[in-house]
Amino acid sequence: MKYNSYIKPFRTLYARITMWIMLTVLVVFVIITYLVTYFGAKGVLLGSTENAKSRMEITNQRINTVMHAVEVAVYNTIPEVELSLNKPDDMYRIVRRLLEINPYIVGSTVAFEPYYYKEKGEQFSPYAYRSVDNNIQTKQLGTSDYEYHYMDWYQIPKLLKKNYWSEPYYDRGGGEQMMTTFSHPLYDKKGNLYAIITADISLEWVSDLLRKSDIDFNNKALELNINSDAELQAELENDSDFFYHYAYSYIIGKGGTYIAHPMRERILNDTYFNHSMKYNDSIDNLIGYEMIDGKSGMRTINRDGTEFIVSYSPIERTGWSMATVIPNNLITNRSIKYATIIVGVMLLGLLVLFIICRSILKRATRPLALFAHSADNIAKGNLNASLPVIRTHDEMKQLHDSFAMMQTSLKQQIEELKTVNAQKGRIEGELKVASDIQMSMLPKIYPPYPDRQDIDIFGSLTPAKAVGGDLFDFYIRDEKLFFVIGDVSGKGVPASLVMAVSRTLFRIVSSHLEEPSGIMHQMNEALSDQNDSNMFVTLFIGSLDLRNGHLQYCNGGHDAPLLVNLKEKSHQLLDCKSNLPVGVMPGFDFESQETDIDTDTLIFLYTDGLTEAENIHHQLFTEARIFEVAQQLLTDGTASADGEPVSAQSVVERMARAVHQFVGDAEQSDDLTMLAIKRKNI
């Protein structure tokens, strides 16, 4: 009896499963331990090299970001230089401004060709620079002692006819720091070079950036309790074996000169090849040649019996190259350390696994399979599937009750879903009808006046939701074109109701009044009365006399229209006074304005759904891009490649294509409404 009672626990399902699981895991553990020990070094090697590559990519990206920012700052300054060519003294202000907006730039000049300004003499190069106390100073760079026309930063971009980053140099007697210069040639409309614009940047931050990425050097400094760079440099000089035990990085220039290195005395004073020639490994020299040749790679070299892994890649724009050196013994030590940690964690995991398996499998019983069968039936749609009978009051009973509750809940949710879908379909249908009604209130036949040769009109409205709050309308009365465009605050159904009321008010009021300010006043009084929802409308109302082109208009807080003169190939915003939107304050005195519209002139009206259209990066379309589209139309002179003249419809469609291309896949955030009116030459 004692024997049977002792054996019986090991015949249970949970005991047998636990035993087999633990035996299997033990065998797997032994195999894994062997593999971890065998392949540990290779794994650490791969991890170390990938880490080195990642740090190099981050450092490379940071350097390229700064240099790209400097290049962009110079490119953005060029239009100011071109606009100020007739004011040579303004160049001092321009280069000073360039330093103010870019902290990386320590000096900048616009160096003109000899005698470009005869009154300034042979050399004229306004120069701005940061003094020792970081104040920005200006001076004339070219002197009899410094003839900049013969300097590399001037001659090389002039000869190459392209941008040029100079080799790093130490600015002695000036900033007392390592620098490089970006030069960009400037040409006039005839293609003649008239100046070189430059930007000097300090490279001290490159060494600091490299130091921060060298984790081993930072750990060494913490270990020795070193707080200053000078103390660390002294320690490195005393510890000649340091580079044989720790990873480090460096940057070399086009000729192999060190630009950044843990040993600061090598920077700009020593070359890579001076040190590679000391060793017998020819691969060492090969790495140097590949680096200055702009190639990437990873190679293993041998220095005095110690193997090193060198990863290197070029730095764009500059011709420089960055490398990370990892001693092989460092990888070996780390692999042993990581293998020990992994084995320890696996032993602990084995113990935890045994406890968990024994605890969980002990509770595994046959009702689980029955519940699984019931769940399959429920998943197939049989919500009335029978559940196994549970007579105990433990977790199985809770599982039984949960399944029963799930069946009841699913039945209720299916019924609710049917109701919701029916309601949703009805609401969508009503919104579709509302949208059709709203759109039917707007002009939709183009050309609206086919018998008239003196006017061309086209408009479009794209709501952000099923119904929108934008509006536009126009009609001709007594040889005058009355037109309006507006934007109701808010979106959806409330905005659409205000839009419908506003459009109706415009038609009614403008049929009795001719002055746009009077029309705006009457609409304001009507919309302000009992405006409990505090909704308002921005409006632009105009009255264009088709006989002489005289335009009377009134702006109620709306975006100013764009005037495009196709004859003179110019564009500008219409001058608009500030008035409150309609519906904000009863009794407000709206002011009218007037001007004359020439023939072949187009009035382009729009809502803020155009200027505030966002792309996926949350960038706005802005007025600047509207101007770009208008300028492109003026430059092309036609609406399409077929040579069709610019029409109201072509302007609206071209602007729509531009904004859709800018927005891309981003969701439309606001109603987009555009109206173009062209006074034609009969």
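**Close-up 1. Pro 447 sits in the loop between helix 12 (395-440) and strand 13 (455-462).** Like every view here, this one comes from a predicted model. Look at the link between Tyr 446 and Pro 447: the peptide bond there is cis. Its omega angle is about 0 degrees.

**Close-up 2. Lys 569 has a positive phi, even though it isn't a glycine.** The angle comes out at about 55 degrees. To find Lys 569, go to the loop that runs between strand 18 and strand 19 (570-573).

**Close-up 3. Helix 13 (residues 492-510) and helix 14 (residues 516-528) cross at roughly 135 degrees.** Their axes come within 10 Å of each other. Angles over 145 degrees would count as roughly antiparallel and 65 to 115 as roughly perpendicular, so helix 13 is oblique to helix 14. The crossing itself is right-handed. On the helix 13 side, the contact is made by Val 501, Ser 502, Leu 505, Phe 506, Val 509 and Ser 510. Helix 14 answers with Ile 519, Gln 522, Met 523, Ala 526 and Leu 527. Sort this contact by class and you get eight nonpolar residues, three polar ones and no charged ones.

**Close-up 4. Helix 16 (residues 622-636) meets helix 17 (residues 648-663) at roughly 130 degrees.** Here, too, the axes come within 10 Å. The two helices are therefore oblique to each other, and they make a right-handed crossing. Helix 16 brings Arg 625, Ile 626, Val 629, Gln 632, Leu 633 and Asp 636 to the contact. From helix 17 come Val 651, Arg 654, Met 655, Ala 658 and Phe 662. This contact has seven nonpolar residues, one polar residue and three charged residues.

Close-up 5. Which elements each supply at least two residues of the lining? They are strand 18 (562-565), strand 21 (601-606), helix 16 and helix 17. The lining residues are Leu 562, Val 564, Leu 566, Leu 602, Phe 604, Ala 630, Leu 633, Val 646, Val 651 and Met 655. You've already met some of these names: Leu 633 of helix 16, along with Val 651 and Met 655 of helix 17, also takes part in the contact in the previous view.

Methods: Residues are numbered from 1 along each chain as its sequence is written. This is a predicted model: local features need pLDDT of at least 70, side-chain atom pairs count only at pLDDT 80 or more; totals for chains, interfaces and linings use all residues. Side-chain values use heavy atoms; hydrogens and water are left out. Axes are lines fitted to C-alpha atoms, for helices over the stretch in contact, and angles run from 0 to 180 degrees between N-to-C directions. Helices (H or I, at least four residues) and strands (E, at least two) are DSSP runs, numbered from the N terminus. Angles under 35 degrees count as roughly parallel, over 145 as roughly antiparallel, 65 to 115 as roughly perpendicular and the rest as oblique. A crossing is left-handed if the near helix is turned anticlockwise from the far one by less than a right angle, and right-handed if clockwise. Contact means heavy atoms within 4.5 Å. Ala, Val, Leu, Ile, Met, Phe, Trp, Tyr, Cys and Pro count as nonpolar, Asp, Glu, Lys and Arg as charged, and the others, Gly among them, as polar. On a 1 Å grid over the protein atoms alone, a cavity is a set of points where a 1.4 Å probe fits but cannot get out, and a pocket is an open set with protein on both sides within 12 Å along at least five of seven lines; lining residues have an atom within 4 Å of a point.
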